[in-house]
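Work through the exercises below with the model open beside you. Try each task before reading its solution.

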Number of protein chains: 2
Amino acid sequence: MTRLSRQSPRKSPLSAKDLDAVNAYWRAANYLSVGQIYLLDNPLMRRPLSLDDVKPRLLGHWGTTPGLNFIYAHMNRVIKARDLDAIYVAGPGHGGPGVLANVYLEGTYSEIYPGIGQDEDGMRKLFRQFSFPGGVPSHVAPETPGSIHEGGELGYSLAHAYGAAFDNPDLLVCAVVGDGEAETGPLAASWHSNKFVNPVRDGTVLPILHLNGYKIANPTVLSRIPQAELEQLMRGYGYEPFTVVSEEGADPLEAHQAMAATLDAMLDRIADIRTRALTGRDNGERPAWPMLILRTPKGWTGPKTVDGKRTEDSWRSHQVPMANVHTNPAHLKVLEEWMRSYRPEELFDPAGALMPELAALAPSGLRRMGANPHANGGVLLRDLKMPDFRDYAVEPAGHGVEHAESTKILGTFLRDIMSDNSGADNFRVFGPDETASNRLQALFEATGRMWNAETVPWDDEHLALDGRVLEPLSEHMCQGWLEGYLLTGRHGFFSCYEAFIHIVDSMFNQHAKWLKTTRHIPWRAPIASLNYLLTSHVWRQDHNGFSHQDPGFIDHVVNKKADVIRVYLPPDANTLLSVADHCLRSRDYVNVIVAGKQPQLQYLSMEEAIVHCTRGIGIWEWASSDGDGEPDLVMGCAGDVPTMETLAAVDILRQNFPDLKVRVVNVVDLMRLQGSDEHPHGLSDKEFDALFTTAKPVVFTYHGYPWLIHRLTYRRTNHGNLHVRGYKEEGTTTTPFDMAMLNDIDRYHLAIDAIDRVPGLAERAGHLRQQLLDARLKARQYTREFGEDDPAISGWAWPY
Amino acid sequence: MTRLSRQSPRKSPLSAKDLDAVNAYWRAANYLSVGQIYLLDNPLMRRPLSLDDVKPRLLGHWGTTPGLNFIYAHMNRVIKARDLDAIYVAGPGHGGPGVLANVYLEGTYSEIYPGIGQDEDGMRKLFRQFSFPGGVPSHVAPETPGSIHEGGELGYSLAHAYGAAFDNPDLLVCAVVGDGEAETGPLAASWHSNKFVNPVRDGTVLPILHLNGYKIANPTVLSRIPQAELEQLMRGYGYEPFTVVSEEGADPLEAHQAMAATLDAMLDRIADIRTRALTGRDNGERPAWPMLILRTPKGWTGPKTVDGKRTEDSWRSHQVPMANVHTNPAHLKVLEEWMRSYRPEELFDPAGALMPELAALAPSGLRRMGANPHANGGVLLRDLKMPDFRDYAVEPAGHGVEHAESTKILGTFLRDIMSDNSGADNFRVFGPDETASNRLQALFEATGRMWNAETVPWDDEHLALDGRVLEPLSEHMCQGWLEGYLLTGRHGFFSCYEAFIHIVDSMFNQHAKWLKTTRHIPWRAPIASLNYLLTSHVWRQDHNGFSHQDPGFIDHVVNKKADVIRVYLPPDANTLLSVADHCLRSRDYVNVIVAGKQPQLQYLSMEEAIVHCTRGIGIWEWASSDGDGEPDLVMGCAGDVPTMETLAAVDILRQNFPDLKVRVVNVVDLMRLQGSDEHPHGLSDKEFDALFTTAKPVVFTYHGYPWLIHRLTYRRTNHGNLHVRGYKEEGTTTTPFDMAMLNDIDRYHLAIDAIDRVPGLAERAGHLRQQLLDARLKARQYTREFGEDDPAISGWAWPY
């Protein structure tokens with residue numbers, strides 16, 4: 001039987017003719033979906049299917065597809081009826097054939113890919129290309145018009161949908177959540193996104209929890225708890241649940257009526273919520289947005305049984321219901337009957353075009369979900385208005401003598417970007433409850449923390465219904481929202497504790513893959529880069545311990561395509577400002593900026609910082625003693641704490657060996673270290689050799705795991721003389737200098753490294769080597785006794 | 001006011017004396033907590049506090065601590081009253097001072113760390129060591145007795161708790177979930193763990209959602225939704241919510257009565273559930289386990305205001321309520337008043353020992369939560385009974401001529417391990433709905449899929465109330481449960497699609513850090529290793545696309561301490577069996593096994609496989625043509641698909657250059673490539689040189705990102721001649737051989753690589769080079785035309 005949601009006011013909103021039409025449209029989408037999975041040829045089934053018509057490898061996911069098609073058809077109806085501006089996020093993105101079928105039926109696909117026309121030949125190509133070498137992927141993918149969501153890795157549909165809806169008050173995002181996906185952590189958390197939505201300023205997310213009962217080989221949890229319990233869960237998440245059920249064997253026509261009636265009721269409810277909010281009648285209270293529980297059989301309309309085993313409404317429909325078509329004639333027969341059950345001859349004209357009365361059911365132009373510009377956000381992207389970052393400069397009295405909190409200064413820049421773009425409503429800052437902790441609190445002079453849950457009279461945390469800083473304690477939600485926001489043509493900034501950005505390693509992967517793929521899709525307009533600020537980093541986890549110490553995200557990032565990723569390690573405030581300005585103007589990259597939040601030495605004037613950041617790597621002549629000649633030693637550094645320790649080591653060396661020619665090379669743009677044939681930012685070997693010499697010892701101190709520097713430089717001429725120090729997974733709750741010593745990046749150890757490597761220096765050093773070891777011991781004893789670093793160490797400044 | 005849960009039968013279960021006592025115990029824990037954060041000396045406050053008594057750096061987290069102490073005190077009461085076997089999982093592990101205070105009060109701490117006695121001197125050391133260089137971390141950590149949960153990275157407490165409870169029917173796991181943590185994805189999903197628990201076989205998790213209202217600088221979502229909505233959420237998650245509220249300003253004595261009454265009611269309810277289940281009166285239906293919503297002010301009992309700003313019941317209590325004690329005399333005064341408000345003179349005797357009547361409140365011996373052996377699971381660990389893995393061998397007719405599904409064969413081994421240990425109840429297999437997909441389905445001959453949600457008559461997926469395969473579609477839950485299971489002294493195996501194991505990158509980090517730390521904690525007994533099988537790997541994502549192609553977890557893993565991590569790439573079934581046997585017997589490692597699930601060539605007899613796996617790396621003499629002499633060329637390989645393509649390339653080379661001396665080196669144990677000074681498994685340079693020569697060209701084909709091989713070998717003599725092929729982030733839905741070609745690891749390209757690198761070979765090759773390029777083109781054309789690989793390629797076998 002088919003059950004209708006209690007809340008629905010009208011049981012049968014569709015006339016007999018409309019009902020037939022929407023069902024026919026759905027049949028057409030289902031037919032095209034099965035065709036994509038199975039057929040090479042004979043797309044209109046003008047002749048009986050033969051084995052030659054069938055693909056040799058049957059690859060794809062049928063199970064979720066008819067449900068996706070069902071929802072798409074009904075969304076088309078309400079878009080037309082209400083002139084909605086809507087996009088479609090297919091959480092079960094495995095159901096690629098369904099979304100492809102629909103964007104093909106509505107005409108978008110043929111407009112973008114003229115080779116795949118709306119005729120028999122086009123249909124043949126549509127079928128053939130699917131999951132086929134040289135064709136299109138099996139999932140909803142960047143190549144798929146209308147999509148901002150890949151859906152191969154499950155868990156992020158709802159967060160993407162909310163990100164798309166933010167600051168798009170007229171947009172409706174239909175977010176289909178599969179019941180498999182619903183078991184993931186990120187999805188389970190992102191239902192709570194509704195506490196961060198303002199019904200006046202933001203668009204609407206219409207979540208559809210599509211329960212088809214099974215994942216790959218198991219039932220799903222949410223399909224196997226009582227309906228009442230599930231409704232409590234959804235009410236507990238703050239939604240008003242509606243329900244449509246079509247059980248196995250029920251007449252789909254009843255399901256269409258139920259779906260139409262329920263969608264109408266939900267959209268009426270949404271309109272009411274929005275009206276109440278716009279007129280202030282809601283008193284700013286958080287509404288219970290409607291969501292739909294849609295229960296339909298997995299593999300709906302597919303073979304009921306195959307080889308005597310339940311297939312429709314079973315996990316056996318997950319991928320290809322019959323995979324042995326080539327060896328089992330009975331399977332070929334089942335396939336033929338299945339495809340003919342959609343009666344293609346009623347759906348497509350003899351030339352292969354969708355019947356006009358069916359084609360008329362789809363919206364037109366940009367109202368088609370496949371053509372909606374929000375789903376190709378780059379076309380809507382406007383540049384940020386950027387204040388001049390030079391206006392935020394610190395002007396240190398000298399090189400390395402004054403302290404400042406670099407991220408705090410960045411906060412003032414971000415504040416004014418926020419202010420300057422407040423009319424455009426296209427910039428947001430995300431962080432897992434860390435914006436203030438990461439010293440970006442100046443932002444709160446320009447905007448608040450978005451909050452639509454309860455408040456209390458003594459709240460003083462800048463909570464605001466119109467805030468553009470978003471701070472759920474979930475890196476997954478920050479990342480998912482930001483991706484959705486960027487993909488729909490806006491700008492953003494994500495600040496995060498360095499160690500915990502690993503929580504979204506896999507989400508980063510998928511976004512980087514999306515960007516890599518769109519490089520080759522001409523109709524996808526470039527989007528704003530995804531900008532990370534990783535702070536509260538490994539060297540300064542003063543309040544926290546070992547769990548908070550991990551600089552490995554950089555290693556993870558550089559595994560992705562070189563033309564997509566960028567990594568910056570600005571050592572002070574002015575370089576940070578310059579880098580941030582560059583990143584916020586860039587397109588289609590993932591930019592990773594690593595910078596500390598604690599008071600730190602400031603090295604460069606703004607003029608120097610701009611030159612240094614433009615080069616990305618360079619000799620700090622003011623710190624070097626090699627004049628114009630070849631140095632005896634190169635001291636390289638990347639990262640703020642490594643830079644300070646390197647300079648302090650150089651200070652020791654220069655004091656003890658006044659004639660030693662030391663060159664200090666600082667790296668801001670990490671990818672400069674790689675070869676120019678491997679990364680667009682890479683130095684040529686000649687440039688690299690000019691900085692690091694071809695034969696002199698190099699002591700390089702790096703913010704993260706030291707082997708990354710070797711991995712980036714192993715082909716360089718002088719790699720054999722490169723000695724790298726960095727984090728080697730030694731940590732705990734201790735003082736900053738003790739952390740440096742635990743990992744041998746402290747000034748004393750670096751000076752010893754230099755002494756041990758410059759020919760002849762060890763002999764000249766006399767007792768110095770032992771004195772440096774003693775100094776380490778003394779420094780450790782000081783911290784053990786007094787619980788802080790020796791002020792003579794922590795207060796060190798560049799003395800020249 | 002303090003509100004009592006409706007469900008509670010008795011309002012005031014505590015006598016006046018008991019009430020005073022439990023409150024005094026709580027005061028003592030709070031006093032010790034504040035002392036740890038602030039004091040160097042004067043632990044009993046025998047004299048007024050002076051600045052010399054106060055730590056120079058004030059580091060720690062006060063806000064959550066009094067709540068943790070409150071729960072701990074009440075758990076002590078019910079453990080004693082009911083003789084419970086209970087452990088404590090502190091989700092807000094930041095509240096380290098609280099758990100440390102409690103294990104100190106109950107005597108466990110001084111037993112394990114005799115230097116910290118239960119006297120004034122011990123208390124002084126207890127205070128001083130906290131967050132102090134050379135002391136203990138600020139969080140609950142491996143060093144903390146009674147803990148299986150670090151708590152620095154939030155999100156995993158509930159999953160850890162359930163993992164601990166599995167197969168421990170008499171264990172009660174008190175799992176405190178902070179309301180910050182509750183916003184994370186993994187935590188939001190893991191409430192559903194109750195669908196995977198059997199009340200007869202498994203223990204009980206008692207979740208306490210501790211709402212103190214704030215995270216670092218924001219209110220929390222769950223504390224700011226209506227109580228009724230929150231209760232719906234918990235009912236929707238399948239729990240029966242109980243509630244205890246102590247609002248700001250309420251008398252804590254009322255809270256004690258409410259907590260005692262409610263805990264009694266909940267434990268009665270748990271006892272009832274268990275009795276009904278044990279007697280079969282529940283008809284096997286999933287019970288609604290009780291959970292507690294505990295609302296108390298953040299920083300409870302701390303300063304109400306500091307500098308006129310609300311502090312108790314505010315985010316300002318999150319870390320250190322007054323951080324300027326050293327510069328602000330008023331702050332020192334507040335601290336003194338605060339600490340004296342606990343009236344330490346009533347709590348500790350003049351020698352500094354807890355008053356005997358208070359000490360008597362704690363359980364004794366192993367019933368103390370700090371001393372419970374389940375929280376030091378290694379002491380309970382029993383070896384698995386292991387069938388002889390050689391009994392599962394495939395015996396191929398030759399080297400590389402027959403195909404088999406290696407993971408399917410592994411499944412038969414795992415099946416019998418499951419059977420052989422069914423009495424011990426100490427082995428479980430975890431996978432995100434992928435056990436069958438990963439071809440381990442033989443397991444279901446020995447056990448079922450654990451499932452306590454609804455079933456339907458046609459279920460045929462081996463769902464079982466006593467299953468030991470766990471398959472939620474959540475890598476986070478699999479990992480969290482497995483960690484909890486291992487940490488409490490059992491064994492497990494986690495199979496996962498290779499790409500999506502990145503979802504738990506950060507959880508792996510924390511577990512590896514835990515293991516690294518426990519290396520230096522003598523009282524922590526070794527636990528079973530965490531074993532990953534990564535399959536459905538990058539080269540064989542036949543149904544899926546680019547999103548499913550990522551071999552980078554290995555890169556992530558090798559950043560952790562060498563003595564904790566192991567990586568294996570067995571190329572066939574027998575090597576996989578040998579490796580799996582080794583891993584399942586090992587202790588305190590993270591073992592990563594990468595092996596494909598598709599039919600693949602089988603190379604080694606079991607005897608050969610054992611020898612090869614024991615060495616971890618070796619020359620395949622049957623495939624080599626270098627005799628006993630120095631080869632002209634070394635062809636290295638690691639991973640199943642690289643091994644096949646390498647051998648096929650060697651076949652091409654040997655056919656065309658019969659006199660060419662080719663050596664084939666296969667790597668099973670990846671860490672053999674690293675130096676012996678860097679990894680315990682590393683080859684010495686001499687051994688490495690013996691395999692890879694010191695000057696001959698090496699073409700090395702690797703399963704993952706090629707630069708990892710450079711990173712592992714850059715110090716080796718012959719590194720300059722090492723040419724590595726691997727996955728370079730080119731992928732889509734295509735055929736296996738097309739994937740190989742996209743990334744240049746195909747046999748033709750490898751043969752060209754060899755021709756280009758062996759001196760003189762290019763000249764001798766004549767047209768061969770072009771023929772190989774043509775063969776690539778032809779292979780691509782074949783897949784484009786027929787949608788599958790040319791059978792001449794996919795059917796290749798070793799011809800010698």
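The model is predicted, with local features needing pLDDT of at least 70 and side-chain atom pairs pLDDT 80 or more, while totals for chains, interfaces and linings use all residues. Residues are numbered from 1 along each chain as its sequence is written, chains are lettered from A and ligands numbered from 1 in the order in which they are written, and side-chain values use heavy atoms, without hydrogens and water.

**Exercise 1.** Find the order of the 5 strands in the open sheet of chain A.

*Solution.* 
- Strands are DSSP runs (E, at least two residues), numbered from the N terminus; two of them pair if DSSP finds at least two bridges between them.
- The order is β19-β21-β20-β22-β23 (chain A), with mixed pairing.
- β19 (617–619) and β23 (722–725) of chain A each have a single partner strand, so one side of each lacks a neighbour in the sheet.
- Now take β22 (residues 698–702) of chain A: 4 bridges join it to β23(A), and the two run parallel.
- Val699(A) has His723(A) as its bridge partner in β23(A).

**Exercise 2.** Locate the domains of chain A.

*Solution.* 
- The bounds come from an automatic or database domain assignment.
- The assignment gives domain 1 (22–362), domain 2 (380–600) and domain 3 (619–795).
- The C-alpha centres of domain 1 and domain 3 of chain A are 57 Å apart.

**Exercise 3.** Work out how chain A is laid on chain B.

*Solution.* 
- Superpose by least squares on C-alpha atoms of residues with pLDDT of at least 70 in both copies.
- A turn of 180° and a shift of 0.0 Å along the axis give an RMSD of 0.0 Å.
- The two copies are therefore related as by a two-fold rotation axis.
- Gly185(A) comes closest to the axis among the residues of chain A, at 2.0 Å (C-alpha).
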